Amino acid sequence: MMSYNNVYEQASSIIQENKNNLDIITASVTDQDIIYAENRLSVTFPAEYKQFLDDYGFLIYGGMAIKGLKHEAVNSDSMFNIVWMTETERVEGLPINYLILEESGMGEWYVLDVDSERVELIDGASYEIVDELEESYNSFSDYFYKMVNEEDEINS
């Protein structure tokens, strides 16, 4: 298994190499924004996800949209804001240790489990883990790399 930095850096390299080919939208975020979000959600983000927030804020890369933060809209009710999306789903029963990362487009969510630091695919109605081994990731970096790599292959 690759180290977090290696996997994360490979995903970032793919993004950098495709700046002219794909729509890439990111946002600025500060350390204070990250602390605010962690406090608001009563969690500590894994180091890998903090690195993502620091590098991208949030990311729209081709057809992929990973939720995060935007300094100018840290309190907004945007579908790209991890705080707003997670709080909205918590009202409906989302477990407190899950953070909404991305919609699958099939009524499912990719969530970051802050307790295990794994990314899982869950059913959007029951919040139960979908039993698909290929949609379970040991870390945010593994998830990030797979999503970026798949998007790159689709657009190659």
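Predicted model: local features only at pLDDT ≥ 70, side-chain atom pairs only at ≥ 80, totals over all residues.
Strands here, like helices, are DSSP runs numbered from the N terminus, with at least two residues (E) for a strand and at least four (H or I) for a helix. Residues are numbered from 1 along each chain as its sequence is written, and side-chain values use heavy atoms, with hydrogens and water left out.

The sheet itself is open and has 3 strands in the order S4-S5-S6, with antiparallel pairing, where two strands pair if DSSP finds at least two bridges between them. S4 and S6 are the edge strands, each pairing on one side only, and the twist averages 40° from one strand to the next, with axes taken as lines fitted to C-alpha atoms, for helices over the stretch in contact, and angles running from 0 to 180 degrees between N-to-C directions.

Strand S4, residues 98-103, is joined to S5 by 5 bridges, and within that pairing Leu99 stands opposite Leu112. The two strands form a hairpin with 4 residues between them, and Gly105 in the turn has a positive phi of about 90°. On the S6 side, 5 bridges join S5 to residues 119-123, and Tyr110 has Leu121 as its bridge partner. That hairpin has 5 residues between the strands, and in it Glu117 takes a positive phi near 65°.

How much of strand S5 is buried? Of its 6 residues, 108-113, 6 are buried, where buried means under 20% relative accessible area, exposed means over 50%, and partly exposed lies in between, using a 1.4 Å probe and protein chains only. Helix H4 lies across S4 and S5, running at about 110° to S4, with contact meaning heavy atoms within 4.5 Å.

Let me turn to the aromatic residues. A search of the whole structure finds 13 aromatic pairs; rings of Phe, Tyr and Trp (its six-membered ring) pair if their centres lie within 6.5 Å, and planes under 30 degrees apart count as stacked, over 60 as edge-to-face and the rest as tilted. One of these pairs is Phe58 with Phe80, which is stacked at 5.4 Å centre to centre with 10° between the planes. Phe58 sits in the loop between helix H3 (47-56) and strand S2 (59-61), and Phe80 in the loop between strand S3 (64-66) and helix H4 (82-92), so this pair ties together parts that are 22 residues apart in sequence. Phe58 is buried, at 9% relative accessible area, whereas Phe80, at 24%, counts as partly exposed.

Phe140 and Phe144 are also stacked, because their ring centres are 5.7 Å apart and their planes lie at 15°. Both belong to helix H5, residues 140-154, where a spacing of 4 residues separates them by about one helical turn, and both are buried.

Finally, the charged side chains. Side chains of opposite charge can pair when their charged atoms come close. The structure holds 5 salt bridges, each being a side-chain nitrogen of Lys or Arg within 4 Å of a carboxyl oxygen of Asp or Glu.

Which parts does the bridge between Glu38 and Lys50 tie together? The two side chains meet at 3.3 Å, N to O, and since Glu38 lies in helix H2 (residues 31-41) and Lys50 in helix H3, the pair ties together parts that are 12 residues apart in sequence. Glu38 is buried at 10% relative accessible area, whereas Lys50 is partly exposed at 29%.

Glu103 and Lys67 meet at 3.7 Å, N to O, and this pair links distant parts of the chain, with Glu103 in strand S4 and Lys67 in the loop between S3 and H4, 36 residues apart. Glu103 is partly exposed at 37% relative accessibility, but Lys67 is buried, with a relative accessible area of 1%.
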